[in-house]
Protein chains: 2
Amino acid sequence: MSRLDFYRSLAVPGDRRILFMVLDGVGGLPHPETGLTELEAASTPTLDALAWRGETGLTTPVLPGVTPGSGPAHIALFGYDPVEHQVGRGVLAALGVAADLRPGDVAARINFCTLDGDGNVTDRRAGRIGDEIGGLLAQRLDAMPDPQGVEIEVRHVKQYRACVIFRGDGLEGNVADTDSQQTGVPPLAPVSREAGAERMAQIAADFVERALVELSDQPAANGILLRGFGGYTPLPSMGSLYRLEAVAVAAYPMYLGVARLAGMEAHGVADDPDALAGKVLEMGGKDFVFLHYKSTDSRGEDGDFDAKVAEIEKADGMLARLVEEFDVVMVTGDHSTPSSMRSHSWHPVPLLIASENCRAHGREGFGERACAQGVLGHVRSNDILPLVLAHAGRLKKFGA
Amino acid sequence: MSRLDFYRSLAVPGDRRILFMVLDGVGGLPHPETGLTELEAASTPTLDALAWRGETGLTTPVLPGVTPGSGPAHIALFGYDPVEHQVGRGVLAALGVAADLRPGDVAARINFCTLDGDGNVTDRRAGRIGDEIGGLLAQRLDAMPDPQGVEIEVRHVKQYRACVIFRGDGLEGNVADTDSQQTGVPPLAPVSREAGAERMAQIAADFVERALVELSDQPAANGILLRGFGGYTPLPSMGSLYRLEAVAVAAYPMYLGVARLAGMEAHGVADDPDALAGKVLEMGGKDFVFLHYKSTDSRGEDGDFDAKVAEIEKADGMLARLVEEFDVVMVTGDHSTPSSMRSHSWHPVPLLIASENCRAHGREGFGERACAQGVLGHVRSNDILPLVLAHAGRLKKFGA
């Protein structure tokens, strides 16, 4: 019996409400002068109070030493094995704009780009065209006639970014990016990376060729780059696995996409603590609310220690408005993003679960070193959801 | 996707240098009078400073409660699953003397022994004959004519110890030891332990019979005992898995053997901290240096608490000469060898990783109890290598 089937066999309905809050990239490293991490330096009265009455620990997103991207990190948080369930970025982008993906579809991300007279890329972001032009051009690509036996859908994502979905019999998604990540050279051809993907590669090449004709009237966005090809295989939904009515509240399409992949009803709002908290408060009938806060990661990637501290404090304020509405509150990150490294890292992530049935240990605060001493110890990220379900009374006894 | 294939898919080249130092059997148990373990009692300024600025934890070599031999303990340290990759002692002995093993070869250890007129073993170590006689006798056994269809190579190891390699089509290594570990009885016959190994057992029996004739002129070493039969299946090398230029520096053939099994270039030196450190300092071009120190284990097996403390202090002094040459320093043991038990044990082993990206926690010292509170928590020994690779920037992000 698979791990998921085992937990599915234990799931029971219930009415305790779960807040599943992810502070993107929240884990950090000590500041060389103070010796405190971003989380340890931040003033976080709400998190501290939850840590005081709840249980804390550290979580490893994928495997020891592995630095995860946001996709696999969230797939793990939602209880799935992120190595077994690898999902292409194209699929996540398509789900992020609520495209109606079906099993077997292949999706890829599109960047509009600028090509010179020789066909070399001069700007991989087409002068950062805005939503209006980007949306219009995506519509034009979508309106191109489909080739025999294939349906092609193009959806705008944001600014110079879009995505494309290929639907047809026997399409295999393992096709290489056409974006070489460089300028001064032409885009790469979409090459099959395994037997069976040749037809998909050919369809993609034909799509690019027709797109160049369609975009030839454009001064900046006269080319496209394709990345993150992958086939869509739905995950067993959190509803079917755990009998949860799960919803997601997030500002960025990527996180809405991965939530939809897990079968959640996803609500996009402005990237603002008030908007996020307000939307969560509208979700009164739902028993599981995934709330995603991006800016902690963004400031870490900027290398701005103090700004990341400020974002953690904003998230703490947002949480203060929500705590009373839920029976179980879980707070963690999808991965660490230490400001000193300006990137995601492999370091384990602080974890906090508070409910009425906790071995509260009264350690001070919610920081990396305090959580390392927490009663939850070290867990894998895909252990978090079962723990949260247990606190919500949603897993029945195993055996008599 | 297997765990090794997964890590392989993330490995990238780099230039940060890794010191991977194994203090054999370093873990211990408290002295009944002082309440301190060997490691806690030792004065270790270098290890303490690394623990202060690095990350510590405890590592379980194989599985909870399992006391490992040196072979599987090192196979785990090198990142492989020691239960999946079981390697006979004969193979490790042959690799230890740099024998040219090929896939499908079967190897076994040889002890020269003394037999009385009735063929009973009177001394399992042939009066501890020295290297000169041992080497000569191994040569004579090697020079015996090979039977039809099989090549047999005999190599001297040390004193009364040698090894034998059988090469031929379809040889299976699962043959029982001929050493009953007793005196006053004849050696056992080499018996097949699974279907398919009957031919190998027959070849071994024939080899023993001819060896007795060849050695009949010897006063002490007139017999042989065979142990640790096993077939050779190379492990995927650390070079091919992780793009490492890995080298080993050790005094004992066994550890050179297991390092060669993992694809390392192995350098044997005298069993002396100066010689070991000197050889490590010659390895300037290599990005991964495995350094093995044996005496901590030997004194633990002697049951000599104070002598083990002294060896830990010598190792600390050796480490002091090396730290500045490396970007990432890892120190652990392959297993625990408490003086009070005079043997290997199952107790988890202190672990230390120091690099520029550490959640330093400033706990005092590098001891069993301090490490139990460390930020790394409890890991398996085969998690150590991926963590070290992460600290060296040698694992790229998984997914976007």
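Student: Why is A:F207 called buried?
Tutor: A:F207 has a relative accessible area of 0%, and buried means under 20% (exposed is over 50%, partly exposed in between, with a 1.4 Å probe and protein chains only), so A:F207 counts as buried. Keep in mind that this is a predicted model, where local features need pLDDT of at least 70 and side-chain atom pairs count only at pLDDT 80 or more, while totals for chains, interfaces and linings use all residues. Residues are numbered from 1 along each chain as written, chains are lettered from A in the order written, and side-chain values use heavy atoms, without hydrogens and water.

Student: How do you know that A:F166 is buried?
Tutor: Its relative accessible area is 0%, so A:F166 falls in the buried class as well.

Student: What makes A:F20 and A:F288 a tilted pair?
Tutor: Rings of Phe, Tyr and Trp (its six-membered ring) pair if their centres lie within 6.5 Å; planes under 30 degrees apart are stacked, over 60 edge-to-face, the rest tilted. By this rule there are 14 aromatic pairs over all chains. For A:F20 and A:F288 the centres are 5.1 Å apart and the planes at 40°, hence tilted.

Student: Which parts does that pair tie together?
Tutor: A:F20 lies in strand β1 and A:F288 in strand β10 of chain A, so parts 268 residues apart in sequence are tied together. (Strands are DSSP E runs of at least two residues, helices H or I runs of at least four, numbered from the N terminus.)

Student: Why is the pair of A:F166 and A:F207 edge-to-face?
Tutor: Their centres are 5.8 Å apart and their planes at 85°, so the pair is edge-to-face.
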